Amino acid sequence: MDSSSSSHLLKNEDEKVHEDPPIKDATVNKYGEIMSTLPREKDWAKSCDDLYQYQGFWYTGFFLEGILSAQDHFKARSTDILLVSCMKTGTTWLKALAFAIFTRASFDTSSNPLLSKGPHDCIPFLEVDLAQEYSRRDMEIQLLNTHIPYTSLPKSIIDSGCKIVYIWRDPKDVFISTWFYVGKVLAFMGFEPLPMEESFELFCRGILTYGPYWDHVLGYWKAKLEFPDRILFLKYEEMQKDTYFYVKKLAEFMGYPFTSLEEENGVAHKITEFCNFENLSNLQVNKSGKHRENTPMAIDNNIFFRKGKVGDWENHLTPEMGARLDGIMKHKLMCSGLIASSHEILCPPKCPK
Ligand code: PAP
């Protein structure tokens with residue numbers, strides 16, 4: 001990678017390519033009309049706004065407006081690299097790894113912007129940061145991230161042929177991670193989160209922001225089967241077992257493989273260690289800093305770091321609840337080739353092509 005393609009990542013606001021005009025009222029009204037026709041279900045809190053079902057998936061009004069706007073306006077480029085996940089499946093980790101890989105010619109791990117900005121501030125989030133008609137997109141930035149399901153991606157992403165990295169995770173840990181995260185966010189907004197058992201029922205019915213979880217995974221898996229070279233499929237549990245292997249795989253897929261000199265100098269190892277849960281969660285910026293600081297959407301970076309463990313569900317769900325989620329996942333995914341048995345939810349074949 002040439003260093004000029006990464007130095008822009010630190011550009012100031014005033015150096016960016018586009019300026020945002022005010023959002024047009026007509027656009028907001030247009031989405032309001034669409035949204036008023038959609039099926040609704042209650043979210044994971046008492047007296048909180050509903051979730052809307054759009055193109056088969058559930059969203060809060062805030063995310064749905066962003067998705068509708070991104071579908072209308074976002075212009076992808078063939079050189080983009082899209083990091084995709086359903087919520088709480090390893091996005092923060094994947095963003096840190098991809099950013100450290102992409103910027104390594106300009107910054108080593110002692111000077112990387114990840115030391116002073118959380119991973120979510122280093123890579124823009126499509127449906128929030130890039131959804132407007134005149135996006136503030138820095139045209140040099142190749143990395144972006146989204147939770148949008150494959151079948152709802154803006155058409156320009158599909159047409160561009162850009163690379164996609166997808167990360168998924170055992171649904172039992174996804175549920176627990178989501179429950180703790182959503183509980184904190186809702187409490188912060190002044191809502192009383194539902195008890196775990198009630199949220200679990202909703203999760204099993206597929207009702208969660210960006211859910212059903214299994215349909216999200218299946219959508220990208222089918223796309224992977226159709227476009228094998230375009231999509232890299234990663235699994236959180238496998239990455240925990242052999243992060244170094246997947247860091248090299250990710251770099252290769254992104255088009256920035258580690259050179260033999262870099263291998264000799266241990267660059268891939270350093271990135272692996274730098275981005276591990278222990279190190280990242282203990283950086284001051286992630287302990288006490290804020291994501292989207294100085295905006296109305298500011299949120300503590302530490303909300304994205306909880307335990308970072310495989311199998312924490314066992315501390316919170318009964319074996320019956322675990323078996324129920326495994327059963328749903330198996331039923332939904334078995335014929336897809338992604339998993340051949342419920343055992344593989346936890347132990348998939350290494351790095352499916
Ligand atoms: P997001 O969808 O809000 O972006 P996401 O990063 O996908 O969240 O998921 C958060 C989970 O990843 C948390 O899992 P837990 O609740 O089971 O602990 C979080 O702790 C974990 N996580 C964050 N950073 C890392 C990391 N560097 N390595 C491994 N796991 C991580």
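Helices (H or I, at least four residues) and strands (E, at least two) are DSSP runs, numbered from the N terminus. The model is predicted, so that local features need pLDDT of at least 70 and side-chain atom pairs count only at pLDDT 80 or more, while totals for chains, interfaces and linings use all residues. Residues are numbered from 1 along each chain as its sequence is written, and side-chain values use heavy atoms, with hydrogens and water left out.

View 1. Ile123 is placed in the loop between helix H5 (119-122) and helix H6 (126-129). Ile123 is buried, with a relative accessible area of 1%; buried means under 20% relative accessible area, exposed over 50%, and partly exposed in between (1.4 Å probe, protein chains only). Apart from neighbours within four places in sequence, Ile123 is in contact with Leu83, Lys95, Phe99, Leu143, Leu144 and Asn145, where contact means heavy atoms within 4.5 Å. A distance of 9.2 Å separates the C-alpha atoms of Ile123 and Ala98, which are 25 residues apart along the chain.

View 2. A polar backbone atom of Thr89 is 3.1 Å from an oxygen atom of the ligand, and a polar backbone atom of Gly90 is 2.9 Å from an oxygen atom of the ligand. A nitrogen atom of the ligand lies 2.9 Å from a backbone N or O atom of Cys275. On its own the ligand has 640 Å² of accessible area, of which the protein covers 98% (Shrake-Rupley method with a 1.4 Å probe).

**View 3. The shell around the ligand.** Two or more residues of the shell come from each of helix H4 (91-102), helix H11 (236-241) and helix H15 (277-282). H4 gives the most, with 3 residues. Of the 22 residues around the ligand, those that come nearest are Thr91, Thr92, Ser177, Lys307 and Gly308; a residue counts if one of its heavy atoms lies within 4 Å.

**View 4. Aromatic pairs.** The structure holds 20 aromatic pairs, defined by ring centres within 6.5 Å, with planes under 30 degrees apart counted as stacked, over 60 as edge-to-face and the rest as tilted. Trp44 and Phe203 form an edge-to-face pair, 6.5 Å centre to centre with 65° between the planes. This pair links distant parts of the chain, 159 residues apart: Trp44 is in the loop between strand S1 (40-42) and strand S2 (45-46), and Phe203 is in helix H9 (residues 196-204). Both Trp44 and Phe203 are buried. Phe175 and Phe200 also form an edge-to-face pair, with 5.3 Å centre to centre and 85° between the planes. Ring pairs join Trp44, Phe175, Phe200, Phe203, Tyr213 and Trp214 into a cluster.

Definitions and conventions
A polar contact is a pair of N or O atoms within 3.5 Å; within protein, one must be able to donate a hydrogen and the other to accept it, and residues adjacent in sequence count only if both atoms are side-chain atoms. Rings of Phe, Tyr and Trp (its six-membered ring) pair if their centres lie within 6.5 Å; planes under 30 degrees apart count as stacked, over 60 as edge-to-face and the rest as tilted.
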